[in-house]
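Reader: I am new to this structure and would like to learn how to read it. Could we take the features one at a time, with the general idea before the case?

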Amino acid sequence: MNNPIVYWSIAGILFIWGAAYAGLVLFSFFVSSPEHWNALVAEGRIRAEYAIYISEIPGWVIVTTVIAALTRLLGALALLLRNAWAFPFYSISLCSVVVIMFRGFVLADVASVIRTSQIVLEFAFLSISVFAVWYTFAQVNGGVLR
């Protein structure tokens, strides 16, 4: 795993993924309005039940989501800087995502209000979170991150 092209490609992709997620969280919870969600429903992009679900997300879940986004982005920055802090940042992000997904899928039954493609996407993103933790752990152990 000492190939610099592979390392920088993965680091770059994880940075883009982290920045995109941070932007999505910022937009979803702090910029968008009920009118935005209603427009998505009218366009058929999301179900009306999902718009209601989003409007009822508890504050602690929003805080946990912000933590997941922030630590994911910090993990990516640390990875780009070849800093070992990438591993704990990605680990915190993964733990936060697991809490969010447990709440969403087990406690709040979000699967009943979203499309199958959204469910698949959520689990793909969980897989990327697991990969980021594994990858940074391997890079720390390999001496690439200090």
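**Reading a helical protein**

Author: Start with one side chain: a polar atom in the side chain of Thr-136 lies 3.1 Å from the backbone oxygen of Val-133. A polar contact is a pair of N or O atoms within 3.5 Å; within protein, one must be able to donate a hydrogen and the other to accept it, and residues adjacent in sequence count only if both atoms are side-chain atoms. The Thr-136 side chain also has a polar atom 2.9 Å from the backbone oxygen of Ala-132.

Reader: What should I know about the model and the numbering?

Author: The model is predicted: local features need pLDDT of at least 70, side-chain atom pairs count only at pLDDT 80 or more, and totals for chains, interfaces and linings use all residues. Residues are numbered from 1 along each chain as its sequence is written, and side-chain values use heavy atoms, with hydrogens and water left out.

Reader: How many helices and strands are in the protein?

Author: Helices (H or I, at least four residues) and strands (E, at least two) are DSSP runs, numbered from the N terminus. Here there are six helices and zero strands, giving the pattern α-α-α-α-α-α along the sequence. Along the principal axes, the C-alpha atoms fill a box of roughly 50 × 25 × 25 Å.

Reader: Where is Thr-136 found, and is Thr-136 buried or exposed?

Author: Buried means under 20% relative accessible area, exposed over 50%, and partly exposed in between (1.4 Å probe, protein chains only). Thr-136 belongs to helix α6, residues 116-141. Its relative accessible area is 0%, so Thr-136 counts as buried. In the protein as a whole, 38% of the 146 residues are buried.

Reader: Which residues is Thr-136 in contact with, leaving aside its neighbours within four places in sequence?

Author: Contact means heavy atoms within 4.5 Å. With neighbours within four places in sequence left aside, Thr-136 is in contact with Leu-79, Ala-86, Phe-87, Tyr-90 and Leu-145. For the protein, consider contacts between residues at least 6 apart in sequence: 77% of them join residues at least 24 apart.

Reader: What do other residues of helix α6 look like?

Author: Ser-129 is also placed in helix α6. Ser-129 is buried because its relative accessibility is 3%.

Reader: Which residues touch the most other members of the largest nonpolar core?

Author: A nonpolar core is a set of buried Ala, Val, Leu, Ile, Met, Phe, Trp, Tyr and Cys residues joined through side-chain atoms within 4.5 Å. The largest one has 38 residues, and Tyr-7, Leu-14, Tyr-50, Tyr-53, Leu-79, Tyr-90 and Val-110 touch the most other members. At least two core residues come from each of α1 (4-31), α2 (34-42), α3 (48-55), α4 (59-80), α5 (86-107) and α6. Helix α5 supplies the largest share, eight residues.

Reader: What is Val-110 in contact with, beyond its neighbours within four places in sequence?

Author: Val-110 is in contact with Tyr-50, Tyr-53, Gly-104 and Phe-105. Phe-105 itself is found in helix α5 and is buried, at 19% relative accessibility. Not counting residues up to four places away, Phe-105 touches Val-110, Ala-111, Ile-114, Ile-119, Glu-122 and Phe-123. From Phe-105 to Ser-117 is 12 residues in sequence and 14 Å in space, C-alpha to C-alpha.

Reader: How should I read a positive phi?

Author: Most residues other than glycine have a negative phi. Asp-109 has a positive phi of about 50 degrees although it is not a glycine. Asp-109 lies in the loop between α5 and α6 and is partly exposed, at 41% relative accessibility. Arg-82 likewise has a positive phi, near 55 degrees, and is a residue other than glycine. Arg-82 sits in the loop between α4 and α5 and is partly exposed, with a relative accessible area of 30%.
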